[in-house]
Amino acid sequence: MAIKKGLFNTSIARKNLMALTGLFMLFFLTIHLIGNLILIIPDSYFPIEFWDNVANPHDMYNAYSHFLVHFWPVTVIAWVLYATIVIHVIDALLITIKNKQSNGEKYQVIDNSTSTWYSRNMGALGTIIGIFIVIHMAQFWLQYKVLKIEDDLYNLVVVTFKVWWYVLIYEIGIIALGFHLAHGIVSAHKSLGIYSNKIINIIKIIALYFTLTMTILYAIIPIIIYFK
């Protein structure tokens, strides 16, 4: 029983689980971004000589999407990702509830006088991101992969991002994600046992530039499509 409690019921175990699921989603976000950047490659710059049956970004994005849906190892990874998101959310709720019950403090907040506003509002940012994920998956994943209403994902994305309010929703979701990452990356490393000030300062710098790069690149995709 002691082993079970140590693995599943301690605050340290919960924070470790939060860190591991968060870092796994970070890996997915990076791969997802690389694929989505195909959407904004100008036709005139498309390296057509490197692709035998792909003449433009439209065909390449649809070929990329078709591969993700029909290559079974990717399907397995996708279901692991869905499970990871659910575990991450439930774990965050449990940590927040436990912290409020024990001392009234929020998750990861140690000193309010030195913490950032986004570190004190990870729950609110996570809620915005959760709503955004539901809308995003309903618009693309559900229509293309599950219901198979649309068979041309490139056109579905372009048509969607021609609607100003959907672009606005996307930008709000991405900005919330950026702030969530800015604190989450550093917090995850601390939860996994990295306490050296020198190493943490390096991680903070890497996290800052990584977050800025991810946020800007994700944010410009719908804006470019909207004005294209």
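The axes of H6 and H7 come within 11 Å and cross at roughly 155°, which makes H6 roughly antiparallel to H7, where angles under 35 degrees count as roughly parallel, over 145 as roughly antiparallel, 65 to 115 as roughly perpendicular and the rest as oblique. Axes here are lines fitted to C-alpha atoms, for helices over the stretch in contact, and the angles run from 0 to 180 degrees between N-to-C directions. The crossing of H6 and H7 is right-handed, the near helix being turned clockwise from the far one by less than a right angle. On the H6 side the contact (heavy atoms within 4.5 Å) is made by Gln139, Phe140, Gln143 and Tyr144, and on the H7 side by Leu153, Leu156, Val157 and Thr160.

This is a predicted model, in which local features need pLDDT of at least 70 and side-chain atom pairs count only at pLDDT 80 or more, while totals for chains, interfaces and linings use all residues. Residues are numbered from 1 along each chain as its sequence is written, and side-chain values use heavy atoms, with hydrogens and water left out.

**Overall architecture**

The secondary structure of the chain comes to 9 helices and 0 strands, where helices (H or I, at least four residues) and strands (E, at least two) are DSSP runs numbered from the N terminus. Read along the sequence, the pattern is therefore α-α-α-α-α-α-α-α-α. Of the 228 residues of the chain, 35% count as buried, a term that stands for under 20% relative accessible area, with exposed meaning over 50% and partly exposed in between (1.4 Å probe, protein chains only). Among the contacts in the chain with a separation of 6 or more, 71% are accounted for by residues 24 or more positions apart.

**Helix H3 and its surroundings**

Helix H3, residues 57–70, has 14 residues and reaches 20 Å from its first C-alpha to its last, close to the 20 Å expected at 1.5 Å a residue, the expected span being 1.5 Å times one less than the number of residues. Asparagine 56 caps the N-terminal end of H3, with a side-chain oxygen that lies 3.1 Å from the backbone nitrogen of histidine 58; a polar contact is a pair of N or O atoms within 3.5 Å, and within protein one must be able to donate a hydrogen and the other to accept it, while residues adjacent in sequence count only if both atoms are side-chain atoms. Within H3, the residues Pro57, Met60, Tyr61, Asn62, Tyr64, Ser65 and Val69 are buried, and what covers the buried residues of H3 includes helices H2 (11–36), H4 (72–102), H6 (122–146) and H7 (153–160).

H3 and H4 pack at an angle of about 75°, with their axes 5 Å apart, which makes H3 roughly perpendicular to H4. Here Phe67, Leu68, Val69 and His70 in H3 meet Trp72, Val74 and Thr75 in H4. Valine 69, in helix H3, touches Thr75, Tyr144 and Lys145 when residues up to four places away in sequence are not counted.

**Helices H8 and H9**

The axes of H8 and helix H9 (residues 197–227) come within 9 Å and cross at roughly 170°, which makes H8 roughly antiparallel to H9. Residues that make the contact include Trp164, Tyr170, Ile174 and Gly178 of H8 and Ile200, Phe210, Thr211 and Thr215 of H9. Glycine 178, found in helix H8 (residues 164–191), counts as buried at 6% relative accessibility, and, leaving aside its neighbours within four places in sequence, glycine 178 is in contact with Thr211 and Thr215.

**Pairs separated in sequence**

| Residue pair | Separation in sequence | C-alpha to C-alpha |
|---|---|---|
| Valine 69 and lysine 145 | 76 residues | 6.9 Å |
| Glycine 178 and threonine 213 | 35 residues | 9.4 Å |
| Threonine 10 and isoleucine 95 | 85 residues | 9.8 Å |

**Individual positions**

Threonine 10 lies in the loop between helix H1 (2–8) and H2 and counts as partly exposed at 25% relative accessibility. Histidine 88 lies in helix H4 and is buried, with a relative accessible area of 14%; leaving aside its neighbours within four places in sequence, histidine 88 is in contact with Met18, Thr21, Gly22, Met25 and His180.

Lysine 148, in the loop between H6 and H7, has a positive phi of about 55° although it is not a glycine. Most residues other than glycine have a negative phi. Lysine 148 is exposed, with a relative accessible area of 57%.
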